Amino acid sequence: MDDRIPCVYNANHLIKPEKLVWHYVKCDDRRRLQHLFEVCPYNSMHHVPKPEYDAHIQRCKPPTTQINLNFGVDDPWG
Ligand SMILES: [Zn+2]
Ligand SMILES: [Zn+2]
């Protein structure tokens, strides 16, 4: 089974997911195009075109911890 995924800088580069971060370190097309991309702060495998970066961050960021709204409320039945 072929589980390789395409490099965002050149779809002809098919890379195994566990090698992708290393590929981006040495990819020649990245060197040429990296000014057009941002790297996701949540996943170093996510290299995102700048126009899509904000939307990507919104989708990718981990859910914030729910604030417990009942915190500090006295239980009237206690
Ligand atoms: Zn590449
Ligand atoms: Zn991401």
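M45 sits in the loop that joins β3 (37-39) to β4 (47-49). Strands here are DSSP runs of E with at least two residues, helices are runs of H or I with at least four residues, and both are numbered from the N terminus. Please note that this is a predicted model, in which local features need pLDDT of at least 70, side-chain atom pairs count only at pLDDT 80 or more, and totals for chains, interfaces and linings use all residues. Residues are numbered from 1 along each chain as its sequence is written, while chains are lettered from A and ligands numbered from 1 in the order in which they are written.

Leaving aside residues up to four places away in sequence, M45 touches L20 and V21, where contact means C-beta atoms, placed from the backbone, within 7 Å. Its C-alpha atom is 9.9 Å from that of V8, 37 residues apart along the chain.

I turn now to Y24, in helix α1 (residues 20-26). Y24 is buried, because 21 other C-beta atoms lie within 10 Å. The C-alpha atoms of Y24 and M45 are 8.4 Å apart.

Finally, the UniProt record, an unreviewed entry, places "domain: CHHC U11-48K-type" at residues 4-31 and 37-64; positions follow the numbering used here, feature names are shortened, and annotations may be inferred rather than shown by experiment. Residues 37-64 are 39% helix and 21% strand.

How values were computed
Buried ≥ 20, exposed ≤ 12 C-beta atoms within 10 Å, placed from the backbone. Contact = placed C-beta atoms within 7 Å.
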